[in-house]
Amino acid sequence: MRQPNFIIILADDLGYGDLGCDGGTVIRTPNLDRMAQEGVRLTDFYASANVCTPSRAGLLTGQYAIRNGLAHEVIQPSDTTGLPVDALTIPKALGDDYVSALIGKWHLGHVAPHWPPMVYGFDHFYGLPYSHDMKPLALYDSGQTPMSEEKADFAKLTQQFFERTTAFVEENREKPFFILLALTAPHIPLKPNPDDLTGSPGGAYGEVVEEIDLNVGRLLERLKELGLDEDTMVAFTSDNGPWFEGSSGPFRDRKGGSAWDGGFRVPFIARQPGTLPAGQVNSGLASNLDLLPTLLAMAGKPSVADRELDGRDISGVLKDGAESPNDEIVLFDNAKVAAVRTARWKYVARSYYRTYDVPLDGYPLLFDMDVDPGENYSVARNHPDAATDMRARLAQARAKYEPMADAFPPHVAPASAADHPD
């Protein structure tokens, strides 16, 4: 029996409430909704950060970004930092059995030794060094020698990224492959593709999300035509919550919003007919940190032994509906622990007010996520034992993680409104 193929589709700034299967009512996502019906949907899945660079670092390494010096803001075009070259990434961990590609947005370092992505185990790269609202910007293709660069056509990026993904699948259909398809949509600027206009009631934002949905359907159909449907796990998620447009669903705040779920809780769907059950919905705690250990387990690879991972193997959650191995999820705002989430409770320790990053240690905010997923009413007074336990978890997380930031020099912080967090 061959090892499974893996395709991780990572949207950029897509909100939890933007998909029909997660309760969205404005944007039409029939293919993603069908993908959820044919696979597993996780309702309590978290990005490992509330902005781009640290979230992507977490996804690829299974470690909170603070371990790798990338917890503070996002990498800007003038920065020279990046993911440490000795970081263990998903393609490195899968090893030579797998051929791997990063198609889309990188944003983990665009200056040597952190560039190009092949430094981190990818065999092929086609995409952008960082967000498509940053300059200078070029579209790179490692399939050319030397690696080529050309001007990016914003309206065509989603189409091109899916086409390159399909081509990579076709070229490597006889061997196991891993693809991180890191889309630029629906991050601004919003440039709907004139070839795929749907008349979305969600405006330009809805158009680009519905284009993603159309292309997910096309990719799944092509996998069937190639006879790879049952051999390939396709997962869909987002790097963080929505920014200026998009829906956080029932959750509070948005991308970059300190401790609140609207910036962290994102869609997650996984589909592999014959391996993952159809129509399963699971509320167990999970995050993008779990992808590395989970893919290793599903590929029959040994677990990582030479470093501590923050993610856990959730293959049992996906395959059998097992209880999540995650006892808690730690939420960071930059290099500060901002909140801790357990199955029932969430304890919030930081928020924003106008220009202030406000510590809330003197004002206990304990939320019962079963009753109040919107984090509107603190019940610390009603549940003092839970508040005490969660406060202790917070203190333990701070003591463990926050000193790690001292091991790395911070990269340049945004200097103006134009250099916004991504």
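Residues are numbered from 1 along each chain as its sequence is written, and side-chain values use heavy atoms, with hydrogens and water left out. Because the model is predicted, local features need pLDDT of at least 70 and side-chain atom pairs count only at pLDDT 80 or more, whereas totals for chains, interfaces and linings use all residues.

Helix α4 (residues 157-171) and helix α5 (residues 203-225) have axes that come within 10 Å and cross at roughly 10 degrees. Helices (H or I, at least four residues) and strands (E, at least two) are DSSP runs, numbered from the N terminus; axes are lines fitted to C-alpha atoms, for helices over the stretch in contact, and angles run from 0 to 180 degrees between N-to-C directions. The two helices α4 and α5 are therefore roughly parallel to each other, a term for angles under 35 degrees. On the α4 side, T158, Q159, F162, T165, T166, V169 and E170 are in contact (heavy atoms within 4.5 Å) with E211, I212, N215, V216, L219, R222 and L223 of α5. This contact comprises six nonpolar, five polar and three charged residues, where Ala, Val, Leu, Ile, Met, Phe, Trp, Tyr, Cys and Pro count as nonpolar, Asp, Glu, Lys and Arg as charged, and the others, Gly among them, as polar.

The structure contains 30 salt bridges, each defined as a side-chain nitrogen of Lys or Arg within 4 Å of a carboxyl oxygen of Asp or Glu. One of them joins the side chains of R56 and D12 (3.5 Å, N to O). This pair links distant parts of the chain, 44 residues apart, with R56 in helix α2 (residues 52-61) and D12 in the loop between β1 (5-11) and α1 (30-37). Both R56 and D12 are buried; buried means under 20% relative accessible area, exposed over 50% and partly exposed in between (1.4 Å probe, protein chains only). A salt bridge also connects D306 and R307 (3.0 Å, N to O); D306 is exposed at 57% relative accessibility, and R307 is partly exposed at 29%.

R350 forms a salt bridge with D357, their closest N and O atoms being 3.3 Å apart. R350 is buried at 12% relative accessibility, while D357 is partly exposed at 34%. The backbone oxygen of R350 is reached at 3.0 Å by the side chain of S258. S258 lies in the loop between β9 (232-238) and β10 (268-271) and is buried, with a relative accessible area of 0%. Not counting residues up to four places away in sequence, S258 touches N50, F264, D333, A338, R350, S351 and Y352.

Notes
Angles under 35 degrees count as roughly parallel, over 145 as roughly antiparallel, 65 to 115 as roughly perpendicular and the rest as oblique. A polar contact is a pair of N or O atoms within 3.5 Å; within protein, one must be able to donate a hydrogen and the other to accept it, and residues adjacent in sequence count only if both atoms are side-chain atoms.
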